[in-house]
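This report describes one protein model, starting with a single helix and moving on to the sheets and the whole chain.

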Amino acid sequence: MTTPEPTDLIILSSRILYGEELKETAGFVAVSDGRIVLVGRAEAAEEWTALAKHVVDVGDATVCPGLIDAHIHPIAGADIARGLDLNGITELDAVRAALVKHAASTGHTVGSEWLFAWGLDPIIFGEASFNNSLFDGILDDELVFITLFDGHAALVSDAALNLAGITGAEELPSTGYVGVDQLGKPNGMLYEMAAQDLVRSILPQRSFEQRVDELEKLLRSMAESGLVAGHMLDFGVPETIEVLEALELRGDLGIRLRISPWLMPGATDEDLRAMLAMQGRHGRRWHVHGIKLMMDGTIDNGTAWLFEPDTHGESLHPLWHDPEALAAAMRFFHEHRIPTTTHAIGDKAVSFVARTIGDLPKNGTVHRIEHIESIPDSVLEEIIHAGATTSLQPTHCTLYSRADHTDNWSRRLGTERANHAWRTRDLRDAGAVVALGSDWPIAPFDPRAIIASAQTRRPAGRPDVPPVQLQQALSARSALEGYTSQYWRSVGEEGGIVEEGARADLTVVGHNPLTTEPDEFAQTPVILTVVDGKVVVDNRLALATGIVHVGQA
């Protein structure tokens, strides 16, 4: 038996999910210098606790590997999640009413101050074209900027278009575009980042201190939800490094961030070298490693890349004017052993990325495909053959699509392709690595709700909602692994397991995620969040006094 030794932290629990098998065991976890020294039996606990600097007894709460969100935008997302939150509003009149109320509450001056909103679901337009007639009679002459729920399009007012000098004839570095009406006049829709930037460049900016404050609050909320880390897939906001450094002057980040800067269409060789030079930059709880690429847009906006057109005759082009330029960029980073993760939503986009990965010479570098919303069996086989890892977001399916296919996404694809939605189970069964995440702010980040939705294929706590493609539901173990060991495998590293020598990232929750009904687990309290062996969230006292809300963050 291991001889007791001084440690930084001891966590006592009757339920520890131990090892690769996630076997439930009773005892303690001993931590020193950010690593797990021992997962010991209960009978040896007294000897070890006597030598520990800090002892935490969580009773029958479950000690899990630390939960990691595979896809977040904590800094760039603040530019999206700005103003009125329209998420969950699916009727046009209700959106108009919410905008009127919001405009009245801000007390701004018409035509001189901006109104912001986000999370707009295009289902409100029904079969009609997307345009800014939404504002007619309620926000006339107002400066309005609304980001659609997927973050890949924005709806702006005529006043905003005029102020930005947008004509509809702009040439962009990607296949994104300015929406126009039948006469060629801009209709308020800005598709993809390059088009949105035409207006974003003139928007009033938050102060540097506000941005630091927002990030501090967000990362703290993520830790409160049980997250120990997140994979940040962007670096597009100015002063990102400076914001991170300023926050670290205040103290440690609430969670750890792995940052993979995005490389957008139109990137030059100089841009590639600059991204390469950025690799390895770090602070105490953040580091830059990897690259994010964008193969296509989204189904909802008709900017995905499909083999066959959607029902509007759209989604036939990659985001890059020349897709081979993206393949060349991936080869460049592969040669330098830098992992990539590539946004690919349409079936042709996924196929192109999978084949590009499969053609790379094997050198140990792992490449991941992000989203994979609808694919036939042949493309799934290409993913497996390529050895690509994957990252999916279960709540994109459960919050924004419907079993009866009346949502915008399903109508765009048609029944056959909508029936191949988010094939998490098929990918796992075929042997693929499947990491899970939220894509915050596109969907809420609470991992408990996402782990639940991955099992039920509907929103957590909504048994009244019919599940979407229930045959793609993950087991409880696979869903938990998607936030733990599968995440680490998706980036080519080992981790996400409670065992001796592992990084001491731990999430302690009130219920066992492997045996608790999914909807109940979505409401389980987070007892502790431990990052690098340090307790960053401790809710034991608050829960005992009934102060803390135990539901979704």
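Helix H16, residues 447-456, is mostly covered, with 10 of its 10 residues buried. Buried means under 20% relative accessible area, exposed over 50%, and partly exposed in between, with a 1.4 Å probe and protein chains only. Among the buried residues of H16 are Arg448, Ile450, Ile451 and Gln455. Just after H16, Arg457 takes a positive phi of about 60 degrees. Helices (H or I, at least four residues) and strands (E, at least two) are DSSP runs numbered from the N terminus.

The model is predicted: local features need pLDDT of at least 70, side-chain atom pairs count only at pLDDT 80 or more, and totals for chains, interfaces and linings use all residues. Residues are numbered from 1 along each chain as its sequence is written, and side-chain values use heavy atoms, with hydrogens and water left out.

**Sheets**

Strands of a sheet pair through backbone hydrogen bonds, either parallel or antiparallel. Here two strands pair if DSSP finds at least two bridges between them.

Another open sheet of six strands runs S7-S8-S9-S10-S12-S11, and its pairing is mixed. Strands S7 (84-85) and S11 (177-180) stand at the edges with a single partner strand each, so one side of each has no neighbour in the sheet.

| Strand pair | Sense | Bridges | Bridge partners |
|---|---|---|---|
| S15 and S17 (residues 291-294) | parallel | two | Leu263 and Leu293 |
| S11 and S12 (residues 186-191) | antiparallel | three | Val178 and Leu190 |

**Whole chain**

In total the protein has 20 helices and 24 strands. Its radius of gyration is 24 Å, close to the 24 Å that the globule rule gives for 553 residues, so the protein is as compact as a globular protein of that length. That radius is taken over C-alpha atoms, and the rule is 2.2 Å times the number of residues to the power 0.38. The C-alpha trace spans about 80 × 55 × 50 Å along the principal axes.

Of the 553 residues, 59% count as buried. Residues 24 or more positions apart account for 74% of the contacts with a separation of 6 or more, where contact means heavy atoms within 4.5 Å.
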